[in-house]
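Open the model in your viewer and keep the sequence beside it. The stops below go from the whole chain to single residues and back out to distances.

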Amino acid sequence: MTVSLPLVAVLGFFAWGAVKFLGVRIWIVVLIALFGFWLSDTFMAPAIEFGTRSGVDVINGSHD
């Protein structure tokens, strides 16, 4: 059985866990999210996307 979860859902779960169990403040989570949003509009966005996709492929295993 294969379950597909969007990466944003997994990251959201970890953010919720950090706020709930590690005591991370909400404003820090918002600040990091805004940083990622603004970073996606820079020249580094393609490299970040490629690195993320490569990491996910390594974790999932290549199915070519």
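Helices (H or I, at least four residues) and strands (E, at least two) are DSSP runs, numbered from the N terminus. Read from the N terminus on, the order of elements is α-α-α.

The radius of gyration of the protein chain is 14 Å, well over the 11 Å that the globule rule gives for 64 residues, so the chain is more spread out than a compact globule. That radius is taken over C-alpha atoms, and the globule rule is 2.2 Å times the number of residues to the power 0.38. Along its principal axes, the C-alpha trace spans about 40 × 35 × 15 Å.

Before zooming in, note that this is a predicted model, in which local features need pLDDT of at least 70, side-chain atom pairs count only at pLDDT 80 or more, and totals for chains, interfaces and linings use all residues. Residues are numbered from 1 along each chain as its sequence is written, and side-chain values use heavy atoms, with hydrogens and water left out.

**Surface**

Buried residues make up 5% of the 64 residues, where buried means under 20% relative accessible area, exposed over 50%, and partly exposed in between.

**The aromatic cluster**

Next, select F13, F14, W16 and F21, which form one aromatic cluster. How many aromatic pairs does the structure hold? There are 3 aromatic pairs. Rings of Phe, Tyr and Trp (its six-membered ring) pair if their centres lie within 6.5 Å; planes under 30 degrees apart count as stacked, over 60 as edge-to-face and the rest as tilted. One of the pairs is F13 with F14, edge-to-face at 6.0 Å centre to centre and 65° between the planes. Another pair is W16 with F21, also edge-to-face, with 5.8 Å between centres and 85° between planes.

F13 and F14 are exposed. F21 is exposed too, at 63% relative accessible area, while W16 is partly exposed at 47%.

**The nonpolar patch**

F13, F14, W16, F21 and L22 make a nonpolar surface patch of about 680 Å². Patches are made of residues with over 30% relative accessible area and no salt bridge, with like charges joined within 9 Å and nonpolar side chains (Val, Leu, Ile, Met, Phe, Trp, Tyr) within 5 Å. A salt bridge is a side-chain nitrogen of Lys or Arg within 4 Å of a carboxyl oxygen of Asp or Glu. L22 is found in the loop between helix 1 (7-21) and helix 2 (26-39), and is exposed at 69% relative accessible area.

Move to I28 in helix 2. I28 is partly exposed, at 31% relative accessibility. I28 and P46 are 18 residues apart in sequence and 25 Å apart in space, C-alpha to C-alpha.

Then select helix 3 (residues 45-60), whose 16 residues reach 22 Å from first C-alpha to last, close to the 22 Å expected at 1.5 Å a residue. The expected span is 1.5 Å times one less than the number of residues. T52 is in helix 3 and is partly exposed at 35% relative accessibility. T52 and L5 are 47 residues apart in sequence and 15 Å apart in space, C-alpha to C-alpha. Finish at G61, which follows helix 3 and has a positive phi, near 85°.

Methods
Areas by Shrake-Rupley, 256 points an atom, 1.4 Å probe, with all protein chains shown as cover. Buried < 20%, exposed > 50% of the residue type's maximum accessible area, 1.4 Å probe, protein only.
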